[in-house]
Amino acid sequence: MFTSIIMKVTLILSIALNIALAIYMWITQYYSGAIIFTIIAIVSILAFYGFWSRIPLATMLLQVTMDVANHHKSVYFVAICGLIAQAALAVWYVYTVTATYAKWTPGNPSCTNYSGTANATVTGATRCSSGAVAGLVFFETFSFLWTSQVIGNICLATVAGGPFGGWYYFGPKENGLMPKHPTASAFVRASTLSLGSIAFGSLIVTILELIRLLLNAAQNNSDDAFGAILACVAACCVGCIESMVEYFNRYAYIEIDSLSTPGVGFIALYGKPYIPAARDTWRLFKDR
């Protein structure tokens, strides 16, 4: 009941806020913003009934999620551990990029050999240069994005294939059918047997994200207005594709992880490689 009330109040307040912003911008004669928020307000009003009719389903799903999380406190533990791991990875990335600029940028003292010649070789045939900095930063950014994606998706596969998957197939813990330590078992599967599939799906998103970042950089550094517009449009398109792939992958990862228990055998969520899981996910979207 409380969940339903919160959702309804939030929906009404969001529409009221859009209307209030539109009115305020018309009053202050900020016409470009007023037109945009007026359109948003009209669309939100027209979509109100569709959103309102879906609140009962959203309430039920949210309530089930809260019930499962309350029965399996390990869900919060997985989320916190994933957050700490990604925060530590972000700190490492910033430190590494800073050290790369400090060591490899031409003209720095670290680029001077023993005879005092600037920009001389540091190790072997490697020279300090802008190209070396760009290459190293690109590799570090790629590594950071890919590892961050893998960490997040391992956490997703852990909670989906453990407590939530177990609840779906075996019901609440009180029924006595839930396997022992479902979260720990799911984490072991996600970080070993399913790690290759998770890494492959994460790689696809990482490549799209890198392309979008490169296009944004090209847009910001372009002196040609037409080229900047093309880069902006391309970055927007790649960003849309990236968002769709991320949404698609969430369902594919659920099929990648698996749940098994003695006496029941191999239970689906479904232990499949990434490509078959993606194919099944696409078939699910197309049929529904």
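## Contacts and overall fold

A contact here means that heavy atoms come within 4.5 Å. Counting contacts with a separation of 6 or more, 64% in this protein join residues 24 or more positions apart. This is a predicted model, in which local features need pLDDT of at least 70, side-chain atom pairs count only at pLDDT 80 or more, and totals for chains, interfaces and linings use all residues. Numbering starts from 1 along each chain as its sequence is written, and side-chain values use heavy atoms, with hydrogens and water left out.

You will find ten helices and four strands, taken as DSSP runs numbered from the N terminus (helices: H or I, at least four residues; strands: E, at least two). Their order along the sequence is α-α-α-α-α-β-β-α-α-α-α-β-β-α.

## Surface and a nonpolar patch

The protein exposes about 17,500 Å², with 72% supplied by carbon and sulfur atoms; accessible areas come from the Shrake-Rupley method with a 1.4 Å probe. Of the 288 residues, 33% are buried (under 20% relative accessible area; exposed is over 50%, and partly exposed lies in between).

Now to helix H2, residues 31–46, which gives the nonpolar patch its largest share, four residues. The patch covers about 500 Å² and consists of Trp26, Tyr31, Ile35, Ile39 and Val43. Val43, a helix H2 residue, is partly exposed, at 48% relative accessible area.

## A buried threonine

Thr59 sits in helix H4, which spans residues 55–71. Thr59 counts as buried because its relative accessibility is 11%. Beyond neighbours within four places in sequence, Thr59 contacts Thr3, Ser4 and Met7.

How values were computed: Buried < 20%, exposed > 50% of the residue type's maximum accessible area, 1.4 Å probe, protein only. Patch = residues over 30% accessible without salt bridge, like charges linked within 9 Å, V, L, I, M, F, W, Y side chains within 5 Å. Salt bridge = Lys/Arg side-chain N within 4 Å of Asp/Glu carboxyl O.
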